[in-house]
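Hello,

Here is the structure I promised to pass on. My notes on it follow below.

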Amino acid sequence: MRPELMIEAEGLTKRYGKTVALAGVDFSVPAGTILGLLGPNGAGKTTAVRILTTLALPDGGRGTVAGIDVVSHPGEVRRHIGVAAQDATLDHLLTGRQNLVMIGELSDMGRAASRERAAQLLAQFELTDAADRVVKGYSGGMRRRLDLAGSLMTRPPVLFLDEPTTGLDPTSRQRVWEAIRELIGEGVTVLLTTQYLEEADALANRIVVVDHGRVIAEGTPLELKEASRSAHLEVTLAQPHPDAVGAIAPLVSGRVSVGDDGRRLSAAVDASTGLATAVVRALDASGVLVDNIEVRQPSLDDVFFSLTGGHIEEEGGGIDPGDANAARSAVDGDSGHKLEGVRS
Ligand code: ATP
């Protein structure tokens, strides 16, 4: 049986003056799953969320939440959704508990039910100790968790999380991820927008990659990685050797980069069996001693890179967009990198 689709976007278009924010976007989210809407700044993610949460009208196409049309029945849609947006909509002069109770009361939950639900959510998001302190003194991570709690006050079956961890440090990000994972366990359907590849990889059942208002790829994190043929070769030499680059150049698909110490070589390669053996043989034949060799399968960074020609920029320090190898190797294993679109 086809799982019920809790969120559907069909051919959504939206213009702001001359800017095409959405150029016909389609995606759907089956009940109880999490879809990652992944894309660089300005890709159209927030616009899609604003339309689906009834905060903006599309120019064309159709959006439904729980089968209800977002344009013709916005009030009904709002009763089914929770929204946690990038900029927390919290009153910083109230305590965490007061914020939650206020949200409950504004949603006609009644005072007693609001207090009970607030206490439950404060415990779930590990905010009980801070519950009666004003939000002004909360850390960024605590505010995001409180914002997330606020979006859950009315137990909505559908949740929109717009870049829930942007700007958070890795530890706070992990705690928000844990909170989101718990929600999925409870059967909530989530649309999560993110600029972080690792976030989509860690949380989403499926990922839709958007760029310039269009869907450019879709699949499970694994499918997207498998769709990218390029893998990455990393070789560590016992000591620098002048013939090393020449020996492996015929086996790789891109330029061979050499690390500052002259011992670490890296290059993009077409993933194929026996590649590591061929590399070791070629180096051995040139009299080059090898300490370590690794063929890394494509990460989502690689996938996005190959799809968009975009580059990945480290917060607080850029990477030359022309240097694919440098950009790729610079993001390995790190969770603090964002996608930046390359505008032509
Ligand atoms: P970010 O990650 O930066 O939030 P995004 O993927 O959410 O980016 P959107 O905010 O949807 O992207 O923006 C898509 C495009 O539409 C951008 O070029 C943006 O400048 C433009 N845009 C969005 N909202 C408006 C608006 N209210 N007025 C004018 N242009 C807008």
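**Helix H5 and its surroundings**

H5 has 12 residues and spans 17 Å from its first C-alpha to its last, close to the 16 Å expected at 1.5 Å a residue (the expected span being 1.5 Å times one less than the number of residues). Helices here are DSSP runs of H or I with at least four residues, strands are runs of E with at least two, and both are numbered from the N terminus.

Before going further, please note that this is a predicted model, in which local features need pLDDT of at least 70 and side-chain atom pairs count only at pLDDT 80 or more, while totals for chains, interfaces and linings use all residues. Residues are numbered from 1 along each chain as its sequence is written, and side-chain values use heavy atoms, with hydrogens and water left out.

Back to H5, which is mostly covered: 10 of its 12 residues are buried (under 20% relative accessible area with a 1.4 Å probe and protein chains only; exposed is over 50%, partly exposed in between). Among them are Gly141, Met142, Arg144, Arg145 and Asp147. The buried residues of H5 pack against E6, H3, helix H4 (111-124), strand E7 (158-162) and helix H6 (170-185), where contact means heavy atoms within 4.5 Å.

In H3, the buried residues are Gly96, Arg97, Asn99, Leu100, Val101 and Gly104, and their cover includes H4 and H5. Aspartate 108 follows H3 and has a positive phi, near 60°.

**Pocket and cavity**

Both come from a 1 Å grid over the protein atoms alone: a cavity is a set of points where a 1.4 Å probe fits but cannot get out, a pocket is an open set with protein on both sides within 12 Å along at least five of seven lines, and lining residues have an atom within 4 Å of a point. Points are joined across faces, edges and corners, and a volume is the space filled by probe spheres set on them.

The largest pocket holds about 590 Å³ of space. It is lined by 21 residues, and Ile81, Gly82, Val83, Ile103 and Gly150 are the closest to its centre. Helix H2 (74-80), strand E6 (81-84), helix H3 (96-106) and helix H5 (140-151) each supply at least two lining residues, with H3 giving the most, 4 residues. By class, this lining has 9 nonpolar, 9 polar and 3 charged residues (Ala, Val, Leu, Ile, Met, Phe, Trp, Tyr, Cys and Pro count as nonpolar, Asp, Glu, Lys and Arg as charged, and the others, Gly among them, as polar).

There is 1 cavity of 30 Å³ or more. The volume of the largest cavity is about 50 Å³, and Ala84, Ala85, Arg144, Asp147, Leu148, Pro164 and Val176 line it. H5 gives the most to this lining, with 3 residues. The lining of the largest cavity has 5 nonpolar, no polar and 2 charged residues.

**Valine 70**

Valine 70 is in the loop between strand E5 (68-69) and H2. It counts as buried because its relative accessibility is 4%. Its C-alpha is 6.2 Å from that of leucine 52, 18 residues away along the chain. Leaving aside neighbours within four places in sequence, the contacts of valine 70 are Ile51, Leu52, Thr54, Gly63, Thr64, Val65 and Val77.

**The whole protein**

The protein has 12 helices and 16 strands, and 48% of its 344 residues are buried.

Best wishes
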